[in-house]
Structures are given as C-alpha cells and as structure tokens.
Amino acid sequence: MRIIRFLNNNEKPTLGVLTSQQQVSLLPYSDFMELVNDAENKKCTPLKLVQQIIDKTGTTEVFIYDELNLLTPIAAPEVWASGVTYFKSRQARNYEASNGNSDSSQTFYDKVYDAERPELFMKSTEARTIGPNKHLNIRSDSKWQIPEPEVGVVINKKGRILGYTIGNDMSSRDIEGENPLYLPQAKIWKNSCSIGPAIVLAESVPDPYNLEIRLCIYREGMKIVEESANTNQLKRKYEELVTYLTKDNLIFDGTVLLTGTSIVPPNEFTLQDGDRIEIEVPEIGVLANPVKKLISKE
Ligand code: DO4
Ligand code: MG
C-alpha cells in the first residue's frame, strides 16, 4: 500500500493512498506520522487502518495521481545515509579517490565495506529535502556530480521501520575524491536530496531485499543514462543500519535513512543544468526531478 502527500485545493498538505496506478483516495491526515500514531492509538496496524478508511469512505474523494502537486511523502526532520553498502559503491569511491593510480593497499572504503560498523552520515534536513518534480540543485564548484538512487527506510524515534521510500543522495565525486574529509560538502547543499514519491508501508512489502531500482537520466529529451540494480546486492541488513544510527543518538519520528547506492553512472558522466533524473522502484513509484545548476555568488 502506497501513501503519498500532496497539496489539496486549499493548499494544505494532505495524505492520500494509491488505490490503483492513478487513483488516489484521501486520508484524514496531513502527515504520515499522524497516520502511524492514530493506528498505534487504535491498536491496529497502519495497513489495517488505511483499509478501514477506504472501506468506509469508498470513492467519495478520489484524485488523479498525475494531476497532484506532490510533496515529500513525509516531512522528514532529518535524512541520514549509509555509504559503501554495495560493492559497486566501494569500487566507485576507490576510483574517484585514486586519481587514476591503482594501488594494492586497502583504502578506507575497502575497510568500511567489511567492517562491523557501517558508514553513516547526515544527508539532509527537512528544509533541504525536496519532493517529486521539484528542482534538485547541482553545485557551482564541482565538475563531477551524479545522482545516487537509493532505497530509504522511514523509521520512528525508536528505530522501528515503518515503510520504504526512494531517495536521491546527490553527490559530488570530485569534492569527495579530493579528500574524504570533504564528505559533508560532497553531500549536503541546498536541494541536494529528494525523497518520494510514496511510502510503501513496511507490512505490505513481502521482501525488501528484492527491490529493483532503475535510474534514467534525460538530456534534451534523450535518455543518456539507464542503469538498474537490486537490493539483493545490499551487503548489510536494514535493521543493522538502523541499530547503528539510533545507538546513543537522538532520532526523531519520521527520520529517513538512505541505505546506499548500487548504481553509479559511467565515470565520464556528470550532471548538467536541465537534465531530468528518474528513479523507479516499481513497488514505490517513480521519483522524478529536474536538475538546476546553482550560480556562484562570488
Ligand atoms: O563514502 C561515501 C558515500 C557513499 C555513498 O553515499 C553510498 O555508497 O551510497
Ligand atoms: Mg549514497
């Protein structure tokens, strides 16, 4: 079951549920956590509660998905991210850090891939995170930037996994490759993260370790990148990542944890102003965002 958030006719954030590919039924909440908390108070699961609401209200208020002004499916106070959780990411990180020199010694990326403790970093805050169809920015001071299509887990403050969404962990490969201590600058800037289009409730995902992820990038209407991967290549368990994130930490209800990328566009590729990024996980939907280059104020 897929939950979305959109601006209704009164310009108010409203929750909805997709009852088919295009039909959206209204839910009496303005945020995903309201639904989760109401289910908890009524001692049922969010899935059962949504089913009861649909059965009661039927088709009284039905919207067409393509006509909606979609918001992030949750107003996530923070978005965190995991790194080097897929072999492909380890290879790509080594490539950008090596500056063309191959060296047989173990890198930090090799070590973290095999270590018990995963790499976790702060990716975004509510104000920096955008929803479907809004502009993602690329930095003015980087020459090598890519999207990172990732599955995101939506958790409550105790670390319970409530659902899954799609996240784009936009990254600057040259800034990170120059020095890993530049990671926050390679990952965080205005509109450097998008999530959406929906949250699929955890209870309705039969196997979160078998989700297909597809990335397409379009330039002037032409598809210039097409890659896919599957979460069955994930080196770690979602719960393991969440356990490390919540350890000795203060985590808020509705936090999103991105679980790492397994798709890296070809090394010679960089995003440009005007590109359009589409990330699809069939169980969740398509997260589409146009790209805008920030202009340096120097
Ligand atoms: O080590 C840097 C970040 C890696 C990352 O974001 C990923 O693997 O998805
Ligand atoms: Mg990433």
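**Labels and their cut-offs**

Modeller: Let's start with serine 142, which touches Ser172, Asp174, Ile175 and Lys293, leaving aside residues up to four places away in sequence; contact means heavy atoms within 4.5 Å. This is a predicted model, where local features need pLDDT of at least 70 and side-chain atom pairs count only at pLDDT 80 or more, while totals for chains, interfaces and linings use all residues. Residues are numbered from 1 along each chain as its sequence is written, chains are lettered from A and ligands numbered from 1 in the order in which they are written, and side-chain values use heavy atoms, with hydrogens and water left out.

Colleague: Why does serine 142 count as buried?
Modeller: Buried means under 20% relative accessible area, exposed over 50%, and partly exposed in between, using a 1.4 Å probe and protein chains only. Serine 142 has 5% relative accessibility, so the residue counts as buried.

Colleague: And where does serine 142 lie?
Modeller: In the loop between strand 9 (136–138) and strand 10 (145–146). Strands are DSSP runs of E with at least two residues, helices are runs of H or I with at least four, and both are numbered from the N terminus.

Colleague: What coordinates the magnesium ion (ligand 2)?
Modeller: Glu148 (OE), Glu150 (OE) and Asp169 (OD) do, at 2.0 to 2.1 Å. Donors are N, O and S atoms within 2.8 Å of the metal (3.2 Å for Na, K and Ca), so these atoms qualify; water is not among the atoms, so sites may look incomplete. Along the chain, the donors follow the spacing E-x1-E-x18-D. Glutamate 150 in strand 11 (residues 149–155) and aspartate 169 in strand 12 (residues 161–169) are 19 residues apart, a pair that links distant parts of the chain. Both glutamate 150 and aspartate 169 are buried.

Colleague: Which domains is the protein chain divided into?
Modeller: Domain 1 (2–70) and domain 2 (78–293), with bounds from an automatic or database domain assignment. Their centres, taken over C-alpha atoms, are 27 Å apart.

Colleague: How much area do domain 1 and domain 2 bury between them?
Modeller: About 1,300 Å², 64% of it on carbon and sulfur atoms. Buried area is the accessible area (1.4 Å probe) that two parts lose on being put together, summed over both.

Colleague: What makes glutamate 40 and arginine 160 a salt bridge?
Modeller: The rule asks for a side-chain nitrogen of Lys or Arg within 4 Å of a carboxyl oxygen of Asp or Glu. In this pair the closest N and O atoms are 3.0 Å apart, so the salt bridge label applies.
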